[in-house]
Amino acid sequence: MLKNFILEYIMLPLGDKMTKSSFIKNLFLLRKMDRLSKNELEINQQQKLKNLLIHASQHVPYYKRLNIAKEDDPVSWLKKFPILDKALLSQNQEQLLSTPKEQLIRQASSGSSGIQSIVFWNKAEQSLYRATQIRWWEWAGYKMGTPILQTGITPQRGILKSIKDFIFNTYYLQAFAHSKEDVLKALRWAQRQKEPVLAGYASSLFVIATIADEENINVKFKTAVVWGDKLFNHYREKIEHVFQTKVHETYGSAEGLMMGAQYDLDYMYMMNQHVYIEIVDDQMQAVKEGTWGHVLVTNLDAFAMPLIRYKIGDLASMLPKEEYPSNPYLAYPIWKKIIGRDTDLVQTPSGKYLVVHSFTGVFEHIPEIKQFCVIQEHIQGIRIQYIRGDQFSEAILVKAKNNLMSYIQEPFDIIFEEVTSIAPTPSGKPQLIISKLKK
């Protein structure tokens with residue numbers, strides 16, 4: 001396809017040169033990695049892990065002061081490093097940097113667990129993160145330049161993002177609150193495109209499919225890619241049935257942790273060129289393949305702010321080797337199942353849906369609220385439990401409510417309830433939305 005060729009070999013290399021980034025170079029490298037053998041992938045992963053631990057031990061204050069004795073085997077050496085959780089990440093932000101903060105790019109997670117984390121990247125690391133996401137889309141059948149209906153939480157696109165949307169033929173649908181009018185407009189755009197692609201938050205795509213089904217809108221998407229929140233079975237079934245397509249799930253995080261994606265299998269491949277994964281029990285001891293455990297992830301590509309043995313807050317299991325399909329396309333390890341990012345939907349009286357990112361998009365900009373949980377017990381409104389943070393005042397609640405109501409735009413009760421703790425799910429993550437409406 002001519003547009004794809006122009007993007008890959010002319011426009012994107014030129015864009016990288018102008019912005020001093022390396023997106024297209026990384027994308028070509030990722031395509032080559034997909035052709036490596038199991039042994040080649042493992043050797044490469046071990047070397048990257050060793051390089052990361054050397055760097056952290058020599059250049060990152062948090063790890064330098066621990067003075068962890070080096071091991072020849074990088075995996076044995078890794079197990080001597082302490083586990084890093086969101087609280088420690090927040091408390092030791094400056095000490096975890098190997099580069100002055102002013103030279104880095106700040107990246108905040110959505111806070112979909114109810115607790116936001118902040119990391120810092122350099123430009124090369126950001127480029128690799130973006131290239132990996134596009135490579136996953138390619139696994140699903142996407143080609144750059146193909147029309148794509150994408151949902152997200154950046155409604156104010158700005159000049160650069162607007163140019164990107166134009167070049168990549170992207171219809172961007174904000175996911176703060178899906179009104180029927182906005183969804184129908186997006187679907188009509190998709191009807192006019194040739195083999196469009198659907199991509200975005202799992203709950204968001206489910207809402208779009210639900211509205212299309214209710215309004216009898218006939219759209220066939222070439223493929224669908226989901227990320228950001230849990231892909232429930234009924235979400236997948238609805239999206240695939242309504243849009244006559246296949247849904248490809250991905251597993252990553254805003255902290256730059258690109259951990260897995262579907263390609264040819266019902267399972268997701270584990271990206272062992274980007275991460276080293278440990279699955280551990282409550283005592284932080286390794287569990288057998290096929291057994292549920294907490295996910296500890298080491299980002300092999302993060303040198304500006306290394307995340308080593310980071311407890312992301314999910315439960316997962318790896319597929320036992322004896323259960324591997326006979327001829328997988330790729331030689332990466334295979335995830336069996338991932339849970340822990342449980343979420344639900346909030347509904348309004350008019351039939352509007354609010355997804356998890358409707359709330360994280362507001363509260364990520366309100367650090368005076370440390371943690372929150374949204375509970376819906378009736379269609380007329382919600383109750384938001386919150387834990388106050390530093391410099392909290394009652395005016396903060398007014399600000400949060402006003403910001404939420406600017407997206408809801410209809411009568412809707414929002415009641416705040418201060419609490420001292422929010423109960424976690426079995427994975428250890430707090431559940432952000434709890435819907436008690438009858439399904």
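Helices (H or I, at least four residues) and strands (E, at least two) are taken here as DSSP runs, numbered from the N terminus. Counted that way, the chain has 13 helices and 19 strands. The model is a predicted one, so to speak only of what it can bear, local features need pLDDT of at least 70 and side-chain atom pairs count only at pLDDT 80 or more, while totals for chains, interfaces and linings use all residues. Residues are numbered from 1 along each chain as its sequence is written, and side-chain values use heavy atoms, with hydrogens and water left out.

On overall shape, a compact globule of 439 residues would have a radius of gyration near 22 Å, and the chain agrees, at 22 Å (taken over C-alpha atoms; the globule rule is 2.2 Å times the number of residues to the power 0.38). The C-alpha trace spans about 60 × 55 × 50 Å along its principal axes. Some 55% of the 439 residues count as buried, that is, under 20% relative accessible area, with exposed meaning over 50% and partly exposed in between (1.4 Å probe, protein chains only). Of contacts (heavy atoms within 4.5 Å) between residues at least 6 apart in sequence, 66% join residues at least 24 apart.

Now for the inside. A nonpolar core is a set of buried Ala, Val, Leu, Ile, Met, Phe, Trp, Tyr and Cys residues joined through side-chain atoms within 4.5 Å. The largest one has 112 residues, and Tyr63, Met144, Leu187, Phe243, Met259, Ile277 and Trp335 have the most contacts inside it. Helix α10 (residues 202–214) supplies the largest share of this core, eight residues. As for Ile277, setting aside neighbours within four places in sequence, its contacts are Met259, Met270, Val295, Leu296, Val297 and Trp335. A second, separate core of 25 residues includes Ile369, Phe372, Phe412 and Leu432.

Serine 37 sits in the loop between α2 (23–33) and α3 (38–59). Its relative accessibility is 32%, so serine 37 counts as partly exposed. Alanine 331 is 294 residues away from serine 37 in sequence, yet the two are 5.8 Å apart in space, C-alpha to C-alpha.
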